[in-house]
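Subject: Structure handover

Hello,

Here is the structure I said I would pass on. My notes on its pockets and cavities follow below it.

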Amino acid sequence: MPATTVERRSFGERLSRMKARVPSSPGLKIEGRLVRMVGLTLEAVGCQLPVGGRCLIRGHDGRLHRAEVVGFSGDRLYLMPTADLHGLGPGATVFPSEEAAEILVGDELLGRILDGEGRPIDNREAIIGHRRSLIGKPINPLHRHPIEEPLDVGVRAINALMAVGRGQRMGLFAGSGVGKSMLLGMMTKFTSADVIVVGLIGERGREVKEFIEHILGEEGLQRAVVVAVPADNPPLLRLQGAQVATTIAEHFRDQGKNVLLLMDSLTRYCQAQREIALAVGEPPATKGYPPSVFAKLPVLVERAGNATKGAGSITAFYTVLTEGDDQQDPIADAARAILDGHIVLSRRLAESGHYPAIDIEASISRAMPQITERQQQLAALAIKQIYGIYQQNRDLISVGAYQAGSDNAIDEAIAMLPSINDFLRQDFDEQVTYEQSLEQLMALIQQEPASLPASTR
């Protein structure tokens, strides 16, 4: 055999052995450096990371700061930190992190309070569980179990006039200071669910402890998980906090449990995405909101709802802050289009001491026709019609310009309004079951049966 053939074979064997050893060798970490910082946006060169990748930045004081890649331009990466930026300066070292977008999930989460990264902040033992990605897996829409069963939320006006189904996604639309947190608290205490997941996203920090101690209480906390990301957290952490709460709800749903997901608020989630998008140069579109905000909104909301038949469910309530009580606010308008119904709170009712301040004219549940009997639907429609007639003529009535007997429908509305208002009011600590709500609705209808459809009597 020629010597060259032997040499080639020997070289090939050596090359094969070297290739076999390469995967077992530790990979090289390519470090970069920080070259620019504007606001909360950091720019780094020299790193090779995809969008969504995690990295660590070593400050001049030796501290390590976590950040995530949110965009790139040429060889520059745009990073967004998850904590404060004190100690960072030009030339700070940036290197990839092995952390993934995952959190620990398991039954050990019940009764715990977590931050936006899924870490406990209640000074108790560490959580032991298995890891789950924050990026949810879409459910085939043909495999989703339809909404067929009403859910008792313990609030008479909702149970009777805008019934919510198990697995439904509802929006709670309200301006600031009209009682949306109080209504959320009532549903937290009274709703029949196996697990409650509460996401306090971008709200006041003082509300976290108040919600846990005064609304949930020790008994309620035992079947709940609270994810608290107050307004002073960076936008990336607020964005991630909503994903953490949704991921935890998905975990319990996959175990066959009925989960109640309360997120306060969806508006703060969108505002966090707006801050990130504008910081990396995305142009604003609708009233200062970049297009990515309206792309991320349905991705988050669609993760809730029913799973396949026989599996669990996520019934979700998302609060939407309508700035200046403008129901046509871009976020409110987008949320209303993708949710399965909306409950609107009225500032006028709240200012008059009417709680919960639910505007029954503007509120609707899209799943109500599928989960309620025809008799309840007709009764609810009749109450809304009578209430609407009064509101349309309220100014004439209040100034004394309306003469009794001029219109039978208005006379009936004036006579029934005190009873309707009593029906809609409910104390914070008062629980009204679904069955009680229906009984009281029918009793209210029977007060004036003459002008109502015969099928409701």
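**The largest pocket**

In this predicted model, the largest pocket has a volume of about 650 Å³. Its lining is made up of 30 residues, and those closest to the centre are Glu68, Ile135, Leu239, Gln243 and Lys296. Sorted by class, the lining of the largest pocket holds 15 nonpolar, 10 charged and five polar residues.

Which elements each supply at least two residues of this lining? They are strand 4 (64-73), helix 5 (235-254), helix 6 (266-279) and helix 7 (291-301). Helix 5 contributes the most, with six residues. The largest pocket lies between domain 1 (32-96) and domain 2 (102-372), because both give residues to its lining.

**The second largest pocket**

The second largest pocket has a volume of about 350 Å³. There are 17 residues in its lining, and Glu99, Glu102, Glu117, Arg119 and Arg131 lie nearest its centre. Strand 7 (residues 102-105) provides the largest share, three residues.

**Cavities**

How many cavities of 30 Å³ or more does a search of the whole structure find? The search gives two.

The largest cavity has a volume of about 40 Å³. Its lining consists of Arg54, Cys55, Leu56, Arg66, Ala67, Thr82, Ser97 and Glu99. Glu99 is also one of the residues that lie nearest the centre of the second largest pocket. Strand 3 (54-58) and strand 4 each supply at least two residues of the lining of the largest cavity, and the largest share, three residues, is from strand 3. Strand 4 also supplies at least two residues to the lining of the largest pocket. By class, the lining of the largest cavity has three nonpolar, three charged and two polar residues.

The second largest cavity holds about 30 Å³ of space. Leu200, Gly202, Glu203, Arg204, Glu207, Val208, Val229 and Pro230 line the second largest cavity. Four of these residues are nonpolar, three charged and one polar.

**The protein as a whole**

The protein has 457 residues, of which 50% count as buried. It contains 14 helices and 19 strands. Along the principal axes, the C-alpha atoms fill a box of roughly 115 × 45 × 40 Å. The accessible surface comes to about 21600 Å², and carbon and sulfur atoms account for 52% of that. Of the contacts between residues at least 6 apart in sequence, 72% join residues at least 24 apart.

Regards

Note on methods:
Residues numbered from 1 in each chain as written. Predicted model: local features only at pLDDT ≥ 70, side-chain atom pairs only at ≥ 80, totals over all residues. Heavy atoms only, no water. 1 Å grid on protein atoms, 1.4 Å probe; cavity = no way out; pocket = protein on both sides within 12 Å on 5 of 7 lines; lining within 4 Å. Points joined across faces, edges and corners; volume = space filled by probe spheres on them. Helix = DSSP H or I, 4+ residues; strand = E, 2+ residues; numbered from the N terminus. Nonpolar A, V, L, I, M, F, W, Y, C, P; charged D, E, K, R; others polar. Domains from an automatic or database assignment. Buried < 20%, exposed > 50% of the residue type's maximum accessible area, 1.4 Å probe, protein only. Contact = heavy atoms within 4.5 Å. Areas by Shrake-Rupley, 256 points an atom, 1.4 Å probe, with all protein chains shown as cover.
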